Amino acid sequence: MSLLEVENLSSHLLTRRGTVKAVDGVSLRVEAGETLGLVGESGSGKSMTCLSIARLLPWPVGRAVGGKIIFDGKDLMEASEKEMSRMRGKELAMIPQDPFSSLNPVFSIGNQLMEPLRIHLGMSGKPLQERARELLSLVRIPEAGRRLNQYPHQLSGGMRQRVVGAMAASCRPKLVLADEPTTSLDVTTQAQFLYLLKSIQSEFGMGMIYVSHDLGVVARVSDRVAVMYAGKIVEQASAKDIFERPAHPYTRALLDSIAPVDRDVERLPSIDGDPPELYDIPVGCRFANRCPHVMPKCRELAPPPAKIGKDHVADCWLHYAD
């Protein structure tokens, strides 16, 4: 059994305009020690998928309405909030997009780093202090002892990102949900953080879902990739197959929008049109209004997953014979 198996997960947001189907029938899996890259445009449902897995949807506006989340043999959809509280941080951790807004400005770095160690591992006193210093050293933060007494505003963006990475890894969780953790970092700091993240993952054997709209980063860190569009996963495959043999028109369009390094181009291709509103999803394929290969069938029926190769599926009518 996989470390994480998500089956037909659906999560909705209740708004004045209607019910937003932010996650609509998502299925994915993550093995122990594996990284699944989750890519797609902003608003495609990537972050909502992670929040749904961690059971952190904003209640009562957001709620998971169906499906299964089998984590380490247990269905999280059936777990109580008390059980989830014991699990978050210890077995299931999350690295948020913006460390400046996720770190509490009125508590020191040491206080926030040591909290999960106190709660989940029962540590205290000198061993707790030593473990906190070790964690900061693990993520290459210099003068770790001094940093424990500082506050988030006294650290650079790169250091704050490393702190939340240390917090996520503090209890050696089995699964980490990394929600665009390098978005606010410059290229050099981003490369350093990704190297540290992969090193920690390798040392502790953690599974990871890495959310990003940066396909270059995803190519570097992922073993497999799932492509999301308008609340659904439209293609899943190994990272090699996604980048060398994309099977869905949306995946191809995303890859075409990457600037080539071996030649100069005056203008990059773009995807015409806009994604559908998730409170008013059209019948048929959700990418039909933007797809250069659209057929009449695409506007009438949603395509079922087509098996392209081993562990490679894509939801597209192009892979079905007439």
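**Aromatic pairs and a buried threonine**

Y229, Y250 and F287 form one aromatic cluster. This is a predicted model, where local features need pLDDT of at least 70, side-chain atom pairs count only at pLDDT 80 or more, and totals for chains, interfaces and linings use all residues. Numbering runs from 1 along each chain as its sequence is written, and side-chain values use heavy atoms, with hydrogens and water left out.

**Rings**
- The count is 4 aromatic pairs (Phe, Tyr or Trp rings, the six-membered one for Trp, with centres within 6.5 Å; planes under 30 degrees apart are stacked, over 60 edge-to-face, the rest tilted).
- Y229 and Y250 make a tilted pair, at 4.6 Å centre to centre and 55 degrees between the planes.
- Y229 sits in strand β9 (residues 224–229) and Y250 in helix α11 (residues 249–256), so the pair ties together parts 21 residues apart in sequence. Helices (H or I, at least four residues) and strands (E, at least two) are DSSP runs, numbered from the N terminus.
- Both Y229 and Y250 are buried (under 20% relative accessible area, 1.4 Å probe, protein chains only).

**Around T35**
- T35 belongs to strand β3 (residues 35–39), and T35 is buried, with a relative accessible area of 0%.
- The T35 side chain has polar contacts with those of K198, at 3.1 Å, and Q201, at 2.9 Å. Such a contact is a pair of N or O atoms within 3.5 Å; within protein, one must be able to donate a hydrogen and the other to accept it, and residues adjacent in sequence count only if both atoms are side-chain atoms.

Key: Buried < 20%, exposed > 50% of the residue type's maximum accessible area, 1.4 Å probe, protein only.
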